[in-house]
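Hello,

Here is the structure I promised to pass on to you. Please open it first, and then read my notes below.

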Amino acid sequence: TPIPPHSPPTMSVPPRAVVAVAQVTSTPDKEHNWLQCSALVREAAGRGARLVFLPEGFDFIGTGPEQSLRLAEPLHGPTLGRYQHLARECDVWLSLGGFHERGHDWDTTGRIYNCHILLDNSGALVATYRKTHLFDVELPGSVSLRESSFTNPGPAIVPPVDTPVGKLGLAVCYDLRFPELALALREAGAQILAYPSAFTVPTGAAHWEVLLRARAIECQSYVVAAAQTGRHHEGRVSFGHALVADPWGTVVAQCHEGPGLCFADIDLEFLERVRRDIPVQGHRRRDLYGCPGAPAS
């Protein structure tokens, strides 16, 4: 289903604003994860960030489907309530990049959603995007994960959201491999694409940075990728290397190993200059191959 193009702006955005991108090591211990993430949010707010990005699985990373289902919560549960209070306390927007959500159909399906939540600085829930591409991958001898065994795919793309740093398009981790989603968000007016992630080590080492830079270049947008890093439990390790790429494809901020933060200016004047100098959107041959997210003619 096409998503609406270019909704009217609802807030004044300065030409430059600071974002903070978190890198964490979540475990099955929710309290440990909360203490780690909340400390990073407070640090980021103290250093002037307007929007703080947390990765997929910021709430927890379970040892398997059974534990993940048991630990999952609805949006009105205590975990999200804590983050709503934190956003108000710190006066920052929060991108909560992959919450294990017991949705409206929990009682009938017994499955959850991988939900990217956006909170404003009053703690209000502004948008929810439920991951549409589920990570079912078997790499012999290294990675075997089947997200669809306990997770429902999201039903829709969410139109980009006006934030204090620009129009933000929401995605999650494995969505990165599908340029159609990024192009649909760009067509709908996105200036920033967010890919909160928990990339595996072998796929991260091979593909993480090149895919993020490719999405930035082809969409002429900022790409922000918060990341999980290190060992979560005996059976799972994440690649890390959270980063921000600018609309030219340059990596302008990056974490390396271990929990921490990186910071980047979102420069919308630079973004518009890149789009003006190489007007890719105007060159698309929609008559030949269409364009994801374009309004029906």
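Which residue in E12 does Val24 stand opposite? Val24 stands opposite Gln228 in E12.

Before the rest, a word on the source. This is a predicted model, in which local features need pLDDT of at least 70 and side-chain atom pairs count only at pLDDT 80 or more, while totals for chains, interfaces and linings use all residues. Residues are numbered from 1 along each chain as its sequence is written, and side-chain values use heavy atoms, with hydrogens and water left out.

Let me begin with strand E1, residues 16-24. Helices (H or I, at least four residues) and strands (E, at least two) are DSSP runs, numbered from the N terminus. Seven of the nine residues of E1 are buried, where buried means under 20% relative accessible area, exposed over 50% and partly exposed in between, with a 1.4 Å probe and protein chains only.

E1 has these pairings, where two strands pair if DSSP finds at least two bridges between them:

- Strand E16 (residues 260-267) runs antiparallel to E1 and is joined to it by eight bridges; Ala17 stands opposite Ile266 there.
- Strand E2 (residues 51-54) runs parallel to E1, with three bridges; Ala20 has Val52 as its bridge partner in E2.
- Strand E12 (residues 227-233) is also parallel to E1, over two bridges.

Together with helix H1 (residues 30-46), E1 and E2 make a right-handed β-α-β unit. Right-handed says that, with the strands pointing away from the viewer, the path from the first strand over the helix to the second runs clockwise.

Now to the aromatic rings. The whole structure holds six aromatic pairs; rings of Phe, Tyr and Trp (its six-membered ring) pair if their centres lie within 6.5 Å, and planes under 30 degrees apart count as stacked, over 60 as edge-to-face and the rest as tilted. One of the pairs is Phe58 with Tyr83, edge-to-face at 5.1 Å centre to centre and 90° between the planes. Phe58 lies in the loop between E2 and helix H2 (65-71) and Tyr83 in helix H3 (residues 78-90), so this pair ties together parts that are 25 residues apart in sequence. Phe58 counts as buried at 1% relative accessibility, and Tyr83 is buried too, at 2%.

Finally, have a look at helix H5 (residues 179-187), where seven of nine residues are buried, including Arg186 and Glu187.

Best wishes
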